[in-house]
Amino acid sequence: MTGVKGSDTNTATAAMQDWIEARLGARVQLAPMTGDAGDRRYFRVAHEAGTCVLMVAGEDSPQLARFLVTGRLLRDAGLHAPAVLACDTGRGWALLEDLGGRDYLAGLNAGEGERLMPAAIDALVRWQAAPLPDGLPPYDRDLLARELSLFVDWYLGRHRGIRLDDAERRDWEAVCERLIGRALAQPRVGVHRDFMVRNLMDCERLPGVIDHQDAVVGPLTYDLASLLRDAFWEWPEADETRWIALYRERAAESGLALPGEAAFRQDLDWMAVQRHLKVLGVFARLHYRDGKSRYLPELPRFARYVRREAAAWPELAPLLELFARYRVGEEGG
């Protein structure tokens, strides 16, 4: 479905409309919705009884297969992932419950954090406290290492034209090994992998959870790092500290085994460094490979996150030296 134009687009849209109408038994109108960083497209479907959402993932899409599995796992854990109303896996179409048009970012910008964040934390704890889900791949050493390599390959290499020398490469690999080791030592839970404000919808009680197809089984602190140190929303330190305390309180009430506060903070900081190095690479890749440049202005935010998170840990000093030497995040995107 990706890349059809002109009359092909009209034909494809007509086919989707016919398919939806056959399943709903009603006439419908399709309106394109804003997409995401992936290749999926979305349409809001209006009909006489309300609205729903059509996700177009592409023919025989593995993303759709994963989306169906992870959505079921989230719903089984008591989270509000959109219900699947109909699906054609061969064509890559899924008709989904409409969770509305207001995400957490809009709510935070409206000053509603005190209402929204406890609900997000409750949803996260519920997901983590559920029995370890079958059918999800592990967040293992290979995946963590591949993600870290994105920073060197796409941010430093492609975006900045920087090639590490042998000594820098050894320092970089030593930092990666420390980050990976710390991540693998954490308790294992279900990990959404992008549990952030644009993927949480402002629904009644618990948030609606979208874009969950990349879920894995992995480190306890990963989703909390995603939520609190976000691409599009930056919390003051005092507020972040409050939300961490609330998470620890709710997690303990739910029976999650947490390390002491100091060890937990180190786990969170080091996990966040790994995620943010990955994101710096991903945002550069989206620009150069996929022609999606809207994420480049966020690069300085993630460089600031890394500097702040690494500053408290002497073991990560070589990373800070690398950032200072090449003024990472100071190029203005």
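How many nonpolar, polar and charged residues are in the lining of the second largest pocket?

**Entry 1: basis.** I note that this is a predicted model, in which local features need pLDDT of at least 70 and side-chain atom pairs count only at pLDDT 80 or more, while totals for chains, interfaces and linings use all residues. Residues are numbered from 1 along each chain as its sequence is written, and side-chain values use heavy atoms, with hydrogens and water left out.

**Entry 2: the pocket.** I looked up the lining by class and found seven nonpolar, three polar and three charged residues. Here Ala, Val, Leu, Ile, Met, Phe, Trp, Tyr, Cys and Pro count as nonpolar, Asp, Glu, Lys and Arg as charged, and the others, Gly among them, as polar. A pocket is an open set of points on a 1 Å grid over the protein atoms alone, where a 1.4 Å probe fits, with protein on both sides within 12 Å along at least five of seven lines; lining residues have an atom within 4 Å of a point. The space in the second largest pocket is about 160 Å³, a volume being the space filled by probe spheres set on the grid points, which are joined across faces, edges and corners. Of its 13 lining residues, Arg-66, Pro-137, Asp-214, Ala-215 and Val-216 lie nearest the centre. Helix H2 (residues 62-76) gives the largest share of the lining, three residues; helices are DSSP runs (H or I, at least four residues), numbered from the N terminus.

**Entry 3: salt bridges.** I counted a salt bridge where a side-chain nitrogen of Lys or Arg is within 4 Å of a carboxyl oxygen of Asp or Glu. The count comes to 30.

I then looked up Glu-21, which pairs with Arg-27 at 3.2 Å between the closest N and O atoms. Glu-21 is buried at 12% relative accessible area, whereas Arg-27 is exposed at 65%. The cut-offs are under 20% for buried and over 50% for exposed, with partly exposed in between (1.4 Å probe, protein chains only).

What do the side chains of Glu-234 and Arg-301 meet in? They meet in a salt bridge, 3.2 Å from N to O. Glu-234 lies in the loop between helix H7 (222-228) and helix H8 (237-253) and Arg-301 in helix H10 (residues 299-311), so the pair ties together parts that are 67 residues apart in sequence. Glu-234 is partly exposed at 30%, and Arg-301 is buried at 16%.

For Glu-330 and Arg-327 I recorded a salt bridge with the closest N and O atoms 2.9 Å apart. Glu-330 is partly exposed at 45%, while Arg-327 is exposed at 52%.

**Entry 4: network.** I noted that salt bridges link Arg-229, Glu-240, Arg-265, Asp-269, Arg-308 and Glu-309 in a network.

Conventions: Helix = DSSP H or I, 4+ residues; strand = E, 2+ residues; numbered from the N terminus.
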